[in-house]
Amino acid sequence: MILGFDRGSTNQINEIPEKSPILVENSCISFNITTSKSNHTSAATLVLLEDGLNYSDNLNPGDWVLIWAFTNTIDKIRVSNKIKQGLTANDFNDGLKFIGRIRTIGRNVTKDPNVGKRVVQHNVMAQGFSELDSEIYYNYETAVDYKPEQSILWMQDFGFAVNDLLKQGSVDEDQAVEQLIKVGLGLSASNITNQGPSNALPPSPNKALMIPNSVARLLLGAFSKTKEVLSYADLLQMFIGIQSYDGQNPRNNWSSGANNGAVPENLVDLLPDLIRNNGNTYHTKNPLAGQFIPQIIFFDRVPLWSVIKSFINEPVDEIYTCIKPRLDDGRLLPTFVARQIPFTSDAFESSISFTRFSSLPRWVIPDSLVYSEEFVKDETNRVNYVQFLGQDVTEGLPPQINRPAQFVVAPPEVNTPDIQIYGLRMRFINSNVQIAPAAGIGNPQAWNDLLANAYFGLQKRYSGTLIVKGRQEPIAEGDNLEYNGNLYHIERIMHQGSVDFLSGKKVFRTTFQLSYGISLASFKNTQFIFPVVGENNSNPTAEPINKTLDLNKFSLGITTNPDFAAPTSNEEV
């Protein structure tokens with residue numbers, strides 16, 4: 001499905017000039033979609049066979065692209081009908097894999113020298129989440145002389161919002177992430193903060209990163225037409241905080257009804273326990289713990305993602321993007337995630353909140369779906385010394401004294417036997433997060449412990465790739481995957497589809513890039529058990545240590561639900 005629209009000069013949502021959506025069903029002869037935790041932008045390439053429509057003339061850079069992929073003809077027809085009728089087409093079972101915009105489009109013509117037949121193809125490259133790379137520019141002189149008809153986007157409100165954020169004694173990680181994203185994507189400051197001078201501001205004229213009506217209908221469903229243009233900020237949902245999966249989300253019937261396919265209510269546990277904060281922003285019950293010294297930010301053509309990362313307590317916390325279900329109804333939406341790293345063992349204990357590795361949503365892949373696997377253990381992953389250092393702000397002491405004092409207050413975590421045998425392998429973290437243990441600001445010792453638990457022994461854990469029959473389910477990077485008796489973390493997902501010109505057969509494959517592989521036997525023990533890759537490694541006697549693991553275990557291909565059945569040889573793309 002390819003959607004295009006022309007930007008208009010009006011801010012009336014029902015007056016935005018928009019192209020008629022182009023539904024591509026049989027002309028796509030290949031596609032490749034890549035999403036990754038290590039890259040916040042997703043990528044898609046399409047090869048479209050010209051079938052009477054010149055796609056290069058009808059599509060332009062900046063036009064919207066939505067891509068669905070299916071494992072069966074029934075779902076393909078069902079979703080196609082929904083799109084043609086203008087209904088939402090991003091329910092849990094709908095196979096939505098990509099939401100983005102065209103970067104480049106080109107036309108390629110070849111001629112068979114033997115028969116003289118011309119073949120015309122159009123090559124499309126698209127990018128998702130590129131809105132988070134939008135450049136932020138703030139000019140004080142322009143903002144002071146504010147005139148709505150001459151203003152650059154929301155510059156005056158942006159200045160007030162940033163001032164509200166930075167004028168405090170310290171900046172909380174949760175608060176900074178939410179405000180910077182919303183202001184950077186076009187929501188006015190008056191819709192975000194309840195303190196400071198921006199409290200009196202009216203909503204700013206939002207003319208940034210508009211989304212067309214056709215996209216809004218497909219992804220958001222019915223919406224009220226107001227004088228405010230719907231922007232990407234209305235589309236992007238945010239999950240912020242230290243995640244826990246205790247089954248506390250309300251049990252609703254996601255995507256119920258014959259047109260969407262029934263979905264088991266426990267699949268809501270794919271999401272962490274969430275509390276709605278504002279609109280499409282959700283927080284967990286335990287906030288991210290980083291606090292930052294207010295700093296001057298020079299918003300001179302700085303990408304929004306770079307600004308956000310400056311307020312993230314890496315590597316204790318991480319941020320990434322993916323497509324995830326919405327808590328209310330299971331509709332799949334572009335999602336920004338800011339969370340603590342979830343790589344601690346079941347035996348780990350700490351004075352701070354944390355996420356156990358075994359508690360993450362887990363997709364179980366049976367061997368019948370697998371085409372190939374390749375797993376390795378890597379010496380370069382060895383870590384035996386971890387030291388976290390922040391910016392000590394203990395009152396009355398200069399930084400040159402406070403910095404060395406952190407080695408006493410929060411000494412490094414050291415694996416001495418490993419160093420004696422293999423040599424020193426350090427992970428030394430210099431963070432700009434605030435540290436003042438006596439004042440209860442930051443907890444470097446707990447962060448040292450958490451990082452050491454995640455890093456020590458990493459060289460013994462498997463990482464690699466698993467290629468399976470194409471998956472229609474909304475598996476996302478950041479989830480876990482269980483295969484052949486081991487549990488892995490999903491770092492990257494690639495969906496590939498093509499059509500064989502000779503047979504006409506459609507092929508759909510999904511490739512997972514995995515890391516942190518451990519044995520399922522770890523759940524019955526007090527420490528990680530490193531995996532063994534091979535046949536008959538299912539460890540059938542291993543039982544999960546609590547009910548949470550049962551709730552978050554979603555089998556693929558072994559189910560009585562026909563919507564999740566393994567694909568037949570008649571695969572559909």
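Tutor: What follows is a walk through helix 2 (residues 73-84). This is a predicted model, in which local features need pLDDT of at least 70, side-chain atom pairs count only at pLDDT 80 or more, and totals for chains, interfaces and linings use all residues. Residues are numbered from 1 along each chain as its sequence is written, and side-chain values use heavy atoms, with hydrogens and water left out.

Helices are DSSP runs of H or I, at least four residues; strands are runs of E, at least two; both are numbered from the N terminus.

Start with the length. Helix 2 has 12 residues, which at 1.5 Å a residue should span 16 Å. The expected span is 1.5 Å times one less than the number of residues. The end C-alpha atoms are 16 Å apart, in agreement.

Next, the ends. Asn72 caps the N-terminal end: one of its side-chain oxygens lies 3.3 Å from the backbone nitrogen of Ile74. Such a polar contact is a pair of N or O atoms within 3.5 Å; within protein, one must be able to donate a hydrogen and the other to accept it, and residues adjacent in sequence count only if both atoms are side-chain atoms. Just after helix 2, Gly86 takes a positive phi of about 75°.

Now the buried side. Buried means under 20% relative accessible area (1.4 Å probe, protein chains only). Asp75, Lys76, Arg78, Val79, Ser80, Lys82 and Ile83 are buried. The buried residues pack against strand 4 (64-68), helix 6 (213-220) and strand 24 (506-519). Contact here means heavy atoms within 4.5 Å.

How values were computed:
Buried means under 20% relative accessible area, exposed over 50%, partly exposed in between (1.4 Å probe, protein chains only).
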